[in-house]
Amino acid sequence: MESEGAVPILAVPSETISFNEWNITVERSNILKSLVFHKNKLMLENKYGAKMQFGPMDALKFVDNGKDEALEVACAQKWCDTRSELMKCKRFDWTFTSPYQGTLNEEFRAEPTDIPINKDKLLQREDILFFDDITLYEDELHDQGISKMSVRIRVMASGFLILLRHFLRVDDVLIRLHDTRFYWEIENDYILKEFVHREAPCSLLQDVISIWTNPDELQNYLPVAVRELHKLYF
């Protein structure tokens with residue numbers, strides 16, 4: 001991903017900063033039941049009343065109650081065997097795949113667009129005023145891979161960039177990325193939103209097996225299945 005990953009993570013439980021017309025708040029908590037950081041949250045609110053937030057409980061609401069038949073492999077049963085009777089008696093996507101793209105209030109108005117996020121501009125050197133990387137939930141799939149939802153924010157003098165990511169790796173089966181980026185430049189009355197779904201079977205990624213644990217690198221090798229672009233006016 002863009003270079004924000006090199007900045008140290010803040011270690012405070014809660015912090016709010018004011019940036020231009022936005023208040024940005026990060027909240028942290030301990031992990032719940034070895035899976036969910038239930039109070040971890042990123043929230044943004046501007047002076048016009050537009051609010052967006054990214055939280056684990058909202059994300060988990062989008063996990064399919066049915067099973068992903070394409071991923072019914074041996075480790076699925078192992079995962080189920082280690083979970084509670086309540087989970088085992090329900091049909092449940094044991095990979096925790098979620099198409100969650102954040103929680104926005106009614107002050108935002110979305111319109112499709114052809115304008116992409118300017119990645120070249122984001123790679124230009126610019127002082128970073130604020131950075132955080134927040135885990136929303138994570139599971140190691142009985143040591144057979146990982147399912148992780150996280151959100152990063154990077155604030156620069158020119159604007160802010162948010163990356164909401166679900167990373168799924170089922171070893172020797174499949175690797176999947178759901179990336180939703182939100183990019184605001186201070187001169188605009190809208191936020192550019194880009195959702196990208198990338199996925200490939202592990203059999204096609206044997207040449208890059210050394211980076212299977214690094215989604216920032218893997219995104220360059222995974223084919224795009226879906227890309228959606230929107231302007232979010234506020």
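In the predicted model, strand β4, which covers residues 51-54, is joined to β5 by two bridges, and the two strands run antiparallel. Within this pairing, M52 has L104 of β5 as its bridge partner. Both strands belong to an open sheet of five strands, arranged in the order β1-β2-β3-β4-β5 with antiparallel pairing. Because β1 (14-19) and β5 (103-104) stand at the edges and each has a single partner strand, one side of each is left without a neighbour in the sheet. In general, the strands of a sheet pair through backbone hydrogen bonds, in either a parallel or an antiparallel manner.

Further into the sheet, β3 is joined to β4 by four bridges, again in the antiparallel sense, and L44 has M52 of β4 as its bridge partner. The two strands form a hairpin with four residues between them, and G49, which lies in the turn, has a positive phi of about 95°. With β2, strand β3 pairs in the antiparallel sense over six bridges, and here W22 stands opposite N46 of β3.

The side chains of a regular strand alternate between the two faces of the sheet. In β3, the covered face consists of L42, L44 and N46, whereas K41, M43 and E45 make up the uncovered one. When residues up to four places away in sequence are not counted, L44 touches W22, N23, I24, A50, K51, M52, F54, I153, F160 and I162.

A search of the whole structure for cavities of 30 Å³ or more finds one, and about 40 Å³ of space lies in the largest cavity. Its lining is formed by S98, Y100, M149, L164, R165, H166, H178, T180 and F195. The elements that give two or more residues to this lining are β9 (159-170) and β10 (174-185), and β9 contributes the largest share, with three residues. By residue type, the lining of the largest cavity divides into four nonpolar, four polar and one charged.

Note on methods:
Residues numbered from 1 in each chain as written. Predicted model: local features only at pLDDT ≥ 70, side-chain atom pairs only at ≥ 80, totals over all residues. Heavy atoms only, no water. Pairing = 2+ DSSP bridges. 1 Å grid on protein atoms, 1.4 Å probe; cavity = no way out; pocket = protein on both sides within 12 Å on 5 of 7 lines; lining within 4 Å. Points joined across faces, edges and corners; volume = space filled by probe spheres on them. Nonpolar A, V, L, I, M, F, W, Y, C, P; charged D, E, K, R; others polar. Contact = heavy atoms within 4.5 Å. Buried < 20%, exposed > 50% of the residue type's maximum accessible area, 1.4 Å probe, protein only.
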